[in-house]
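Here are my notes on this model. Please keep the structure open while you read them.

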Amino acid sequence: MEFKNRLKELRVKNKYTMEKLAELIGVGKSAIGNYESGIRYPKKEQLEALADIFNVDMDYLTGRTDIPNRYSASVPSSAVPVNDVVKIPLLGRVAAGEPLFDEGNIIGDVFVDPAMVPGDTQLFALKVQGDSMAPKIMDGDTLIVREQPCADNGEIVIVTINGDHGTCKKLQLYPDSMALVSLNPAYEPMIYTWEEVEQLPVKVVGKVIQARREI
């Protein structure tokens, strides 16, 4: 489905007028009509705002997938036949300067589809504590994380700050700073200059590729 059709479908489903939606994402009154007719395409900032408002992934909003939300409830890994899965470690903590996969840091195992672990990809799992990423990621969810030292703007990542335990946030990159953004609007963004990123340090240790909720 094309973006213009997906946008109209989501707007109507969520009962937003064009004017109200334009106000929420900070554009002119005619912009939504132009988006839905295909005359114009929104900037990345507006796309991200729309995805947050509708609680869907960017790939769904732009028509690249028909899965609305990767970070939604899923069947427990225990329900999948063991022969068809790969075992990855469930970590009790993530801290800067410590080996991720040290034996003392592993508190259990989680099973994933082999397709999620191509080549030399290293995955690990973490349990969510708190509601800062609600409603997409809830307290008690299990995150499947790809170990990597960097991520793209707008991706959900695990980050360590000043050597402390990892935190799950949406990454926003700017010319002069990095922001770690909670999806729950009750929490203020954590903003660091690039100098602070180096000095503290603030380190990306992985990208969240799936969230699981026991059902």
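1. Ground rules. This is a predicted model: local features need pLDDT of at least 70, side-chain atom pairs count only at pLDDT 80 or more, and totals for chains, interfaces and linings use all residues. Residues are numbered from 1 along each chain as its sequence is written, and side-chain values use heavy atoms, without hydrogens and water.

2. Helix H1 spans residues 3-13, and its buried residues are Phe3, Arg6, Leu7, Leu10 and Arg11. (Buried is under 20% relative accessible area, exposed over 50%, partly exposed in between, with a 1.4 Å probe and protein chains only. Helices are DSSP runs of H or I, at least four residues, numbered from the N terminus.) These buried residues fall within an arc of 130° seen down the axis, so they line one face of H1. The arc uses directions from the helix axis to the C-beta atoms. Exposed Val12 and Lys13 sit on the face turned away.

3. H2 (residues 18-25) and H4 (residues 44-54) have axes that come within 9 Å and cross at roughly 115°. Axes are lines fitted to C-alpha atoms over the stretch in contact; angles run from 0 to 180 degrees between N-to-C directions. Leu21, Leu24 and Ile25 of H2 meet Gln46, Ala49, Leu50, Ile53 and Phe54 of H4. Contact means heavy atoms within 4.5 Å.

4. Tyr16 and Phe54 form an edge-to-face aromatic pair, 6.1 Å centre to centre with 70° between the planes. (Ring centres must lie within 6.5 Å; planes over 60 degrees apart are edge-to-face, under 30 stacked, the rest tilted.) Tyr16 is partly exposed at 24% relative accessibility. Phe54 is buried at 6%.

Notes: Helices (H or I, at least four residues) and strands (E, at least two) are DSSP runs, numbered from the N terminus. Rings of Phe, Tyr and Trp (its six-membered ring) pair if their centres lie within 6.5 Å; planes under 30 degrees apart count as stacked, over 60 as edge-to-face and the rest as tilted.
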